[in-house]
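Hi,

Here is the structure I promised to pass on. Have a look at it first, and then read my notes below.

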Amino acid sequence: MDSLNQNDHWNGCLLGNFGAEANSEVESIQQRVAEAFREERKNIAYCLRAAVKAGELPTKTKCDDLAGFIHAAFEGAILVAKSERSSFPTESFKKFCFQCFSRKNPRHGLLHKSALQVVTR
């Protein structure tokens, strides 16, 4: 996550910056940003489906919903990191995700049973 702080500049996410800062009148930019975000969520869902297939996540996991959550949480962590000029939010996000979805724990890391039910219903 060090790339957020290149040359002492906190750039954040290019797409997030465009999405947040683009004038609402520039529909073509907003549409393209939304399209790119959809593609990112699609890629995350693809990885989650591979994890389900490998037995690393429960078979009932709602991969598209979970991908949306992961993507939104990461974009939020990047925004907070940029505003606070700190890598803590992105490092915390990374740590939490890896703990939640760790193969080492047969109950999938720290995911509370009720949280796991949300992503598998």
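**What turned up**

There is 1 aromatic pair, where rings of Phe, Tyr and Trp (its six-membered ring) pair if their centres lie within 6.5 Å. The ring centres of F74 and F93 are 5.1 Å apart and the planes sit at 45°, so the pair is tilted (under 30 degrees is stacked, over 60 edge-to-face, the rest tilted). The pair links distant parts of the chain, 19 residues apart: F74 is in helix α3 (residues 63-84) and F93 in helix α4 (residues 88-100). Helices here are DSSP runs (H or I, at least four residues), numbered from the N terminus. F93 is buried at 16% relative accessibility, whereas F74 is partly exposed at 26% (buried is under 20% relative accessible area, exposed over 50%, partly exposed in between, with a 1.4 Å probe and protein chains only).

Now for helix α2 (residues 27-53). Its buried residues include V33, F37 and L48. After α2 comes G55, with a positive phi near 80°.

How do α2 and α3 pack? Their angle is about 125° and their axes are 8 Å apart (axes are lines fitted to C-alpha atoms over the stretch in contact, with angles from 0 to 180 degrees between N-to-C directions). That makes α2 oblique to α3 (under 35 degrees is roughly parallel, over 145 roughly antiparallel, 65 to 115 roughly perpendicular, the rest oblique).

A note on the basis: this is a predicted model, where local features need pLDDT of at least 70, side-chain atom pairs need 80 or more, and totals for chains, interfaces and linings use all residues. Residues are numbered from 1 along each chain as its sequence is written, and side-chain values use heavy atoms, leaving out hydrogens and water.

Cheers

Conventions:
Helix = DSSP H or I, 4+ residues; strand = E, 2+ residues; numbered from the N terminus. Expected span 1.5 Å × (residues − 1).
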